[in-house]
Amino acid sequence: MYYNHKTLIYLDGKFVNANEASTDLYSQTLHYGYGVFEGIRAYATEGGTKVFKVKEHYDRLKNSAEIINIPFDYEVQELVDATYELLERNNLTGAYVRPLVFCDPNMTLARPNNVSIMICAWEWGAYLGDKQLRLTVSSFCRPHPRSIKIEAKVCGHYVNSILATNEAKDKGFDEALLLDSDGYLAEGPGANLFFEKDGVLYTPQLGNILPGITRATVLELAEELGVEVKQGLYKPEVLASADSAFYCGTAAEVIGIESVDNTNFPKNWNDSLGKKLQEAYSQLVRNSEKTLSTAH
Ligand code: PMP
């Protein structure tokens with residue numbers, strides 16, 4: 001599903017066959033989840049392949065590594081160039097790109113001396129944006145920011161996301177909604193949350209969530225569209241009284257939320273601010289020319 005006998009991956013400066021590439025079973029990343037990664041999307045545009053906010057993603061990868069003491073001796077530009085070359089060599093245009101920084105063999109709990117970087121990509125076709133999600137509030141909370149570096153995209157953090165996702169799906173829902181350890185709205189297992197009330201957009205403030213690149217883009221688009229956005233700490237009751245809501249993230253882009261624990265939002269998705277932002281986002285990522293002032 002992710003690769004075949006022809007697929008190339010980027011590994012430590014070289015393009016190698018995915019089938020033949022190997023790693024060490026004594027890697028600290030495999031045993032302890034001590035590694036960092038990214039999720040990036042490439043779009044086919046009229047002007048060629050565009051990797052959306054690619055610099056921001058590699059900047060976040062670098063920051064994720066550095067704040068958890070994983071050495072990161074790569075130039076962001078070198079990784080950006082490698083990404084474009086990887087897509088070209090694999091004949092991919094619309095694709096999901098997954099860089100992973102993983103550690104050398106090491107069974108101790110000390111920081112690593114050496115790491116590797118791999119970048120792989122697989123086809124990710126046009127996304128059918130009409131689906132809306134049925135959420136349930138998870139019994140799992142996001143990890144406390146004094147337990148981990150919540151702003152880093154660390155492999156091990158995703159056990160929390162997997163547990164929440166499994167629980168939600170086992171209960172018959174599409175997705176989980178996680179609160180922080182104080183009971184405030186946080187985020188989805190792999191997406192950030194926005195909701196609309198009386199024409200104003202609200203989103204959980206940074207501090208207990210992953211600072212999503214899509215979230216930042218939605219904030220920029222909302223400003224362009226003249227939509228007021230407030231960031232703060234909100235209890236689930238505030239969401240329960242909202243008019244509409246959506247998740248956003250690199251993979252799902254902007255996706256409407258139909259209900260939380262079987263209570264539907266009253267506003268028709270097509271009339272919501274989320275729908276407007278969904279369209280604006282979709283155009284932005286697929287447009288070869290237009291970039292926002294703060295985009296690179
Ligand atoms: N929160 C979590 C926990 C995530 O895994 C993701 C996906 N990276 C997001 C939010 C959305 O981030 P982004 O918009 O950068 O993809």
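Strand E12 (residues 200-204) is largely enclosed by the rest of the structure, because five of its five residues are buried. Buried means under 20% relative accessible area, exposed over 50%, and partly exposed in between (1.4 Å probe, protein chains only). Helices (H or I, at least four residues) and strands (E, at least two) are DSSP runs, numbered from the N terminus. The model is predicted, with local features needing pLDDT of at least 70 and side-chain atom pairs counting only at pLDDT 80 or more, while totals for chains, interfaces and linings use all residues. Residues are numbered from 1 along each chain as its sequence is written, and side-chain values use heavy atoms, with hydrogens and water left out.

**Exercise 1.** Determine which way the residues of E12 point.

Solution. Step 1: in a regular strand the side chains alternate between the two faces of the sheet. Step 2: Val200, Tyr202 and Pro204 point one way from E12. Step 3: Leu201 and Thr203 point the other way, and the residues of both sets are all buried.

**Exercise 2.** Identify the strands that pair with E12, and the sense of each pairing.

Solution. Step 1: two strands pair if DSSP finds at least two bridges between them. Step 2: strand E11 (residues 192-197) pairs with E12 in the antiparallel sense over three bridges; phenylalanine 195 has tyrosine 202 of E12 as its bridge partner. Step 3: E11 and E12 form a hairpin with two residues between them, and aspartate 198 in the turn has a positive phi of about 50 degrees. Step 4: E12 and strand E13 (residues 229-232) run parallel and are joined by four bridges. Step 5: in E13, lysine 230 is the bridge partner of tyrosine 202, and glutamine 231 is that of threonine 203.

**Exercise 3.** Describe the largest cavity and its lining.

Solution. Step 1: on a 1 Å grid over the protein atoms alone, a cavity is a set of points where a 1.4 Å probe fits but cannot get out, and a pocket is an open set with protein on both sides within 12 Å along at least five of seven lines; lining residues have an atom within 4 Å of a point. Step 2: grid points are joined across faces, edges and corners, and a volume is the space filled by probe spheres set on the points. Step 3: the structure holds one cavity of 30 Å³ or more, and the largest cavity has a volume of about 30 Å³. Step 4: its lining consists of Arg142, Ile150, Ala152, Lys153, Val154, His157, Tyr158 and Leu210.

**Exercise 4.** State how many disulfides the whole structure has, and describe the setting of cysteine 103.

Solution. Step 1: a disulfide is a pair of cysteine sulfur atoms within 2.5 Å. Step 2: a search of the whole structure finds zero disulfides. Step 3: cysteine 103 is in no disulfide, and the nearest cysteine sulfur, that of cysteine 155, is 8.5 Å away. Step 4: cysteine 103 is buried at a relative accessible area of 2%, whereas cysteine 141 is partly exposed at 37% relative accessibility.
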